[in-house]
Amino acid sequence: MKIGSNKERFFATTLLAGVATMGVPALVGTAALLAPTAASADDYTSGNLTGSVVDADGNAVAGATVVLRSQGQGFERTTTTNAQGGYRFTLIPQGDYTVTVSKSGLQTTSSENLHVQVGTANSYQIVMASQSSDEIVVTAARRTEQFSQTTTGTSIDVGELVERMPVARNITALTLLAPSAVPADTAFGIASGQSLAPASISGASGAENAFFINGLNITNFVNGIGGATVPFDFYQTVEVKTGGYQAEFGRATGGVINAVTKSGTNDFMLAIHGNYAPNELLEDRPNALNRQYSLYDNDEKSFTLEVGGPIIRDHLFFYGLGQWQDREFSTATTAGTYVHQVTNDPFYGFKIDGYITDTQHLEFTWFDTTSQIDQDLHSFNTATNVINPAVLSRNMVRQGGESWVGRYTGSFTDWLTVSAAYGHSITDQASVTNLLNIPRVQDARVSPALDLSPNRTAARTDPFLAYREFYRGDVDILFSLHGDHHVRFGLDHEDTTMDQ
């Protein structure tokens, strides 16, 4: 059986106006004029940095030259403050930046460690003092809050979160930190072959969310439950959109989990992690109506290697991660059924960032989540909890596959940015039962069933492949007319195909 679907959307979003609409561009422009407010202007992997420049008395400094420099990757952008002293740098990579402001008659001021993160309003006010010397004054910028964003949710810096508080090392635990996110029914985890159910966001079910990594939609499009399982250490930030999100995120009726992976910088890095979670540290649960929790077992250990750095300083960077894991998981029902599961497949992923010029950014991400869960079914004595060592049947559940996405972002002027992306993913979702010594054809009209063919001499190994291919293009235009506005036009095309 082969099923294919073809989805294509034209979308137009007025980002700074806080209005998102589908349809004719002229109507979008009108909406922008009617609502001249400011909001976040980020996309899947890029953020923005905006703010104002004032003098010591709080007066706006117009016509000042503002130079933005990435502390991690070295590229620069330059702009000039407007009549209100405002400046803006849109669609720039996440990370820390240094902003230097200069104008005749005022001291040149440099502010370091201005953090840009996807999904947040990265807005800073910079104060310039009267000129008393030719030296550059290094000062702290004041972060300002933006209250006009329409999107609700939260944006999580994963590394910073881990340093400050304990958190489970999976995407569901991060999602549950967002307002209105609660655990979904555990049946959503069981139905998808996953041990952990996704979250329910804003009252939607666990099968109505969309998952993205570096702009690639990794949502399970067969049943809508969860996405590709990526190691916790691969994430740099995870943004959870719980409502009011823009048109380009419209493939969800629940929430949107938009993750950005780590990237290489001018500094070489090497990190080694080891994690071990023995079953002995888990709290015992009392047996329930249908579950024999006294026989539950979960034992996990993993080894992770991270490496990154420059290939060509200030221009080409790499980051890679490999994780080797071993997990054993057992469940039991009060009906006397005991299932033992084992999985030990590795994960590999890498990201390449290239800057042709300071304003032209290319990025490519590849990762392989291929895994296999081997399941053995046993019986057990419900009175003594003694497990019968004989294997009643064997089952094999396949998950994951190779995924990759390439993205381009080009800033041509202060008011025009163009971006494009193309990506592909394959997921094997087969649940293969051991059919050795079972006939292919039986006549079930009689009891007992009559065998009409010889028994199988090999186990079934058919794949259940789901393919996703997409491309998209966006044009961002910024202009001032009765307020500052940012309008995005885009085309999004996606093919989803399933072979069974």
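User: Which residues does Val230 touch, not counting residues up to four places away in sequence?

Analyst: This is a predicted model, in which local features need pLDDT of at least 70, side-chain atom pairs count only at pLDDT 80 or more, and totals for chains, interfaces and linings use all residues. Contact means heavy atoms within 4.5 Å. Once residues up to four places away in sequence are set aside, Val230 touches Ile213, Tyr235, Phe347, Phe367 and Thr369.

User: Which residues have the most contacts inside the largest nonpolar core?

Analyst: In soluble globular proteins, nonpolar side chains tend to be buried together. A nonpolar core is a set of buried Ala, Val, Leu, Ile, Met, Phe, Trp, Tyr and Cys residues joined through side-chain atoms within 4.5 Å, where buried means under 20% relative accessible area, exposed over 50%, and partly exposed in between (1.4 Å probe, protein chains only). The largest such core has 27 residues, and those with the most contacts inside it are Leu174, Ile213, Val230, Phe234, Tyr235, Val238 and Phe367.

User: Which element gives the largest share of this core?

Analyst: Helices (H or I, at least four residues) and strands (E, at least two) are DSSP runs, numbered from the N terminus. The elements that give two or more residues to this core are α2 (158-164), α3 (171-175), β15 (210-213), β17, β18 (256-261) and β21 (316-332). The largest share, 3 residues, comes from β17.

User: How many residues are in the other core that lies apart from it?

Analyst: Among the residues of this other core are Leu68, Ile92, Tyr97 and Phe317. The core to which they belong lies apart from the largest one, and its count of residues is 21.

User: Is Thr242 buried or exposed?

Analyst: Thr242 has its place in strand β17 (residues 235-243), and, not counting residues up to four places away in sequence, it touches Thr152, Gly153, Ala178, Pro179, Ser180, Ile201 and Ser202. The side chain of Thr242 also reaches the backbone nitrogen of Gly153 at 3.4 Å. Because its relative accessible area is 9%, Thr242 is buried.

User: Which residue in β9 is the bridge partner of Val53?

Analyst: Strand β3 (residues 46-55) is mostly covered, with 8 of its 10 residues buried. Two strands pair if DSSP finds at least two bridges between them; β3 is joined by 7 bridges to strand β6 (residues 86-93), which runs antiparallel to it, and there Gly47 stands opposite Ile92. With strand β9 (residues 123-128), β3 pairs in the parallel sense over 6 bridges. In β9, the bridge partner of Val53 is Ile126.

User: How many residues apart are Phe75 and Tyr355?

Analyst: Rings of Phe, Tyr and Trp (its six-membered ring) pair if their centres lie within 6.5 Å, with planes under 30 degrees apart counted as stacked, over 60 as edge-to-face and the rest as tilted. By this rule the count comes to 19 aromatic pairs, and the pair of Phe75 and Tyr355 is stacked, at 4.8 Å centre to centre with 25° between the planes. This pair links distant parts of the chain, since Phe75 lies in the loop between β4 (65-70) and β5 (76-80) and Tyr355 in strand β23 (residues 347-357), and the two are apart by 280 residues.

User: What is the angle between the planes of Tyr87 and Phe89?

Analyst: Tyr87 counts as buried because its relative accessibility is 4%, and Phe89 counts as buried because its relative accessibility is 6%. The two rings form a tilted aromatic pair, 6.2 Å centre to centre, and the angle between the planes is 55°.

User: Which side chain does a polar contact of 2.7 Å join to that of Asp492?

Analyst: Asp492 is found in strand β33 (residues 484-499), and it counts as buried because its relative accessibility is 3%. A polar contact is a pair of N or O atoms within 3.5 Å; within protein, one must be able to donate a hydrogen and the other to accept it, and residues adjacent in sequence count only if both atoms are side-chain atoms. The contact of 2.7 Å joins the side chain of Asp492 to that of Arg251.

Technical notes:
Residues are numbered from 1 along each chain as its sequence is written. Side-chain values use heavy atoms; hydrogens and water are left out.
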